[in-house]
Amino acid sequence: MSETYGHIPVLLDRCVQLLRPALTRHHPDGAGAVLLDATLGAGGHAERFLTDLPGLRVIGLDRDPDALAVAADQLARFGDRVQLVQTRFDGIPRDTEFDGVLFDLGVSSMQLDRPERGFSYSADAPLDMRMDPTAELTAAEVVNTYDEKALTRVLREFGEERFASRIAAQIVRRRARRPFRTTGELVELLYETIPAPARRTGGHPAKRTFQALRIEVNAELEALRAALPAAMAALRVGGRIAVMSYQSLEDRIVKAEFAAATASRTPPGLPVELPGHEPEFRALTRGAERADDAEIERNPRSAPVRLRALEKVARRDN
């Protein structure tokens, strides 16, 4: 995609609408409130909150040092109202309570728009896909060292690729002659391996394989399963959390976690809610919200987004 769409924050107005009431409960300019932007990226969402609420403080997390450098420059004018931390989004600070939490999941536009990072199947580049360039595991290592069974599992579980076993077998056969080094070599194999009728439907034939490798390299789903409950526990009563997902595996995790948080703990069959057994959260969205046609036209990367949000209404005593 063109870099025209590179840094347009997705569902920006809706995120502000959902989180602002929690950030302005005690003061209309957000004084004393803290927002955790757990997936800071280029800082587009954070910039809007900081601009609209001049008393707000933001803690921004990102594992990608390139993203943090861009965000630091973008947010420099806000001074000490911004604290940036290089960490995976499950590295949520344990000594801080938050009034709002925002997750914007998946690969960032900056990562996609820099071919040398290896996230995109539209340009030939090293098979990397690390969100944190200092991490050890790369996509090349997965492709060249995982056995056929492990490769099949990764492609099937993380890419929902119906040709997973066929692709894994061909990867193992091809790498015996020469290890894979670039995204272009892998894309070429996928075109040869996936049947022509399947290539004509469902988007680019490399889409699912690249998604699977990226998730494996960055342990994205593992991090999400740890991050959501940690973020929800760190919310003050009256605080709100909004999560944007871009593929079904992420959204299933968010949906399940949110369903559990909004469920009553009163045993089934009792006619009244038992004191202390009320749901800890209430839903702010009805199911998952989507970008409208106007936003998708302006920013095509918003097309797959699913937004869910909750408000914390009680504190659960463990």
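Reader: Hey, is Asp 124 buried or exposed?
Author: Asp 124 is exposed, with a relative accessible area of 56%. Exposed means over 50% here, so that value qualifies. Keep in mind that this is a predicted model.

Reader: Okay, and where is Asp 124 in the chain?
Author: Asp 124 sits in the loop between helix 4 (109-113) and helix 5 (139-145).

Reader: What's the C-alpha distance from Asp 124 to Gly 184?
Author: Their C-alpha atoms are separated by 4.6 Å. Along the chain, though, Asp 124 and Gly 184 are 60 residues apart.

Reader: Switching topic: how many aromatic pairs are there?
Author: A search of the whole structure turns up one. The partners are Phe 89 and Phe 103, and the pair is edge-to-face.

Reader: What are the numbers for the centres and the planes?
Author: For Phe 89 and Phe 103, it's 5.7 Å centre to centre, with 85 degrees between the planes. Planes over 60 degrees apart count as edge-to-face, so this pair gets that label.

Reader: Which parts does the pair tie together?
Author: Phe 89 lies in the loop between strand 3 (82-86) and strand 4 (98-104), while Phe 103 is in strand 4 itself, so the pair links parts that are 14 residues apart in sequence.

Reader: And Phe 89, is that buried or exposed?
Author: Phe 89 is buried, at a relative accessible area of 11%. Phe 103 counts as buried too, with 0% relative accessibility.

Reader: How many residues of strand 4 are buried?
Author: Six of the seven, so strand 4 is largely enclosed by the rest of the structure.

Reader: Which way do strand 1 and strand 4 run, parallel or antiparallel?
Author: Strand 1 (residues 34-37) and strand 4 run parallel, joined by three bridges. Leu 36 stands opposite Val 101 of strand 4 there.

Reader: What about strand 4 and strand 5?
Author: Those two run parallel as well, and six bridges join them. Strand 5 covers residues 235-245. Phe 98 stands opposite Leu 235 in strand 5.

Reader: So how does strand 5 pair with strand 7, parallel or antiparallel?
Author: Antiparallel, over six bridges. Ile 241 has Leu 310 of strand 7 as its bridge partner.

Reader: What stands opposite Ala 283 in strand 7?
Author: Leu 310 does. Strand 6 (residues 281-283) pairs with strand 7 in the antiparallel sense, over three bridges. So Leu 310 faces Ala 283 and also partners Ile 241, and in a regular strand the side chains alternate between the two faces of the sheet.

Reader: How many residues of strand 7 are buried?
Author: Six of the seven residues in strand 7 (residues 306-312) are buried, so strand 7 is largely enclosed by the rest of the structure.

Reader: Which residues of helix 11 are buried?
Author: Glu 220, Leu 221, Ala 223, Leu 224, Ala 227, Leu 228, Ala 231, Met 232 and Ala 234. In an α-helix there are 3.6 residues a turn, so residues three or four places apart point the same way.

Reader: Last one: how many cavities of 30 Å³ or more are there?
Author: The search of the whole structure finds one. The largest cavity has a volume of about 30 Å³.

Reader: Which residues line the largest cavity?
Author: Arg 174, Arg 178, Pro 179, Phe 180 and Glu 185. That lining divides into two nonpolar, no polar and three charged residues.

Terms used. Residues numbered from 1 in each chain as written. Predicted model: local features only at pLDDT ≥ 70, side-chain atom pairs only at ≥ 80, totals over all residues. Heavy atoms only, no water. 1 Å grid on protein atoms, 1.4 Å probe; cavity = no way out; pocket = protein on both sides within 12 Å on 5 of 7 lines; lining within 4 Å. Points joined across faces, edges and corners; volume = space filled by probe spheres on them. Nonpolar A, V, L, I, M, F, W, Y, C, P; charged D, E, K, R; others polar. Phe/Tyr/Trp six-rings, centres within 6.5 Å; stacked < 30°, edge-to-face > 60°. Helix = DSSP H or I, 4+ residues; strand = E, 2+ residues; numbered from the N terminus. Buried < 20%, exposed > 50% of the residue type's maximum accessible area, 1.4 Å probe, protein only. Pairing = 2+ DSSP bridges.
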